[in-house]
Amino acid sequence: MKKLFAIAVMVLALVSGASAQLQHRTWDKGPLTWQDFQVYPSNADSLNASWLQYSFKLTDTDTSLAGVKMERLRVVAYMEPKLSWVVEGRQSTTELHFNQVLFNLAELQARLFQSSFDRATDGVSYQDLMQSVADYCQADETRFMLESRDGADSLVVARWLDSTNRLLAEIPVCDMPRIKDAKSLGVGAHLGVMHTVHLGGLTKTFRNATSFEFGMEGLYGRSSYMFDFAIGGGGSKRHYQLDGVNFAKGTPYTWLQFWMGYGYYAVRQIRYSVMPLAGFGLSTITKGSDEESFSTACGSWIAGVAIDWNLSNEIYAPMYDGIRGQSLTGARLMLYASRSKLYDYNGVSMNVALLLNFGEHMVRFK
């Protein structure tokens, strides 16, 4: 038996492309059967017992892997049953396995080159890569045909079938690409509730405060330039006097804190991130009624950590020079201390915030 090499590379062809009128049979539909081939009469003028017509195409896909949804171009190997045929009476098991090895080799190259397509930046790169897929596939097919004597050696065909099947079982169809942060701008925001535990002198008079918290981030690579604002309050634990003004036990007070700072995403994984942060801002306590009031403010330092859990992680198609946008939505836990001197009260407050978190920044595939 003899099998001539033929491969048609369809550069940048999509699922809806001009070849859509041909039936595409992809490798993931299972092992080939003779039902995938046209049957030629036994008196057909052909040196070949069969012919497998296969090719490659690029398809736009939304791939979900390891919790990440990605827009990507995927290279797919497929056969065309309407252009593939077998001579009647020559549908042997060895001949079918011979064609299966050819199809396996095409599928292997598609998977091996997928990471290169993920890192490609423009149409010229895609075209060059498609040609490389074809060239490598042709080299493998030529070696297989020489070793098997064009499929005549059934033992060699069986060995190649086993080895290619094992390789395909080990190589993922669409492996998760490695991601790195791009040196480009991004934005973030969070909002939720914060509970402040007063320590030191503050705790003698003021009950802990519960506040609404809102913040924004300007992102550059892994750096975060933050602005955060919290407003809420609580009540007093005892009767007290400030600056000659008497306040009864239980009188409500307003707690306001806003600050600017810097954070660095020391850990940024698909599902979670960890960002130490530090900053400086203003803390105020205000108490008042219709007749009397008291307000004090002071500078306050901030130090702590933000821990993010990503509920949604989406990476877009390349925008320019291989840079992709990444959109994150999830929950943020912020733990930070703030030290303030508010009138005669000097102490540390511990702040715990549970927030909804949103972010858009730029990444690349490694």
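Rings of Phe, Tyr and Trp, the latter by its six-membered ring, pair if their centres lie within 6.5 Å. I'm keeping in mind that this is a predicted model.

**Aromatics**

I searched the whole structure for such pairs and got nine. Are Y54 and F56 buried or exposed? I checked, and both Y54 and F56 are buried. I also noted an aromatic cluster made up of F98, F144 and W160.

**The loop between α3 and α4**

Next I went through backbone angles. Which loop holds R149? I found R149 between α3 (123-148) and α4 (154-170). Its phi is near 55°, a positive value in a residue other than glycine. D150 turned up in the loop between α3 and α4 too, and phi of D150 is near 60°, again positive without being glycine.

I then looked at accessibility here. R149 comes out at 51% relative accessibility, so I log R149 as exposed, the cut-off being over 50%. D150 has a relative accessible area of 23%, so D150 goes down as partly exposed.

**Charge on the surface**

Last, I looked at charges. Which residues form the positive surface patch? I listed R119, R178, K180 and K366. I followed up on R119, which sits in helix α2 (residues 114-119). With a relative accessible area of 40%, R119 is partly exposed.

Conventions
Residues are numbered from 1 along each chain as its sequence is written. This is a predicted model: local features need pLDDT of at least 70, side-chain atom pairs count only at pLDDT 80 or more; totals for chains, interfaces and linings use all residues. Side-chain values use heavy atoms; hydrogens and water are left out. Patches are made of residues with over 30% relative accessible area and no salt bridge: like charges are joined within 9 Å, nonpolar side chains (Val, Leu, Ile, Met, Phe, Trp, Tyr) within 5 Å. Accessible areas come from the Shrake-Rupley method with a 1.4 Å probe; for residues, only the protein chains shown count as cover. A salt bridge is a side-chain nitrogen of Lys or Arg within 4 Å of a carboxyl oxygen of Asp or Glu. Lys and Arg count as positive and Asp and Glu as negative; His and the chain ends are not counted. The place of a charge is taken as NZ of Lys, CZ of Arg, CG of Asp or CD of Glu. Helices (H or I, at least four residues) and strands (E, at least two) are DSSP runs, numbered from the N terminus. Buried means under 20% relative accessible area, exposed over 50%, partly exposed in between (1.4 Å probe, protein chains only). Rings of Phe, Tyr and Trp (its six-membered ring) pair if their centres lie within 6.5 Å; planes under 30 degrees apart count as stacked, over 60 as edge-to-face and the rest as tilted.
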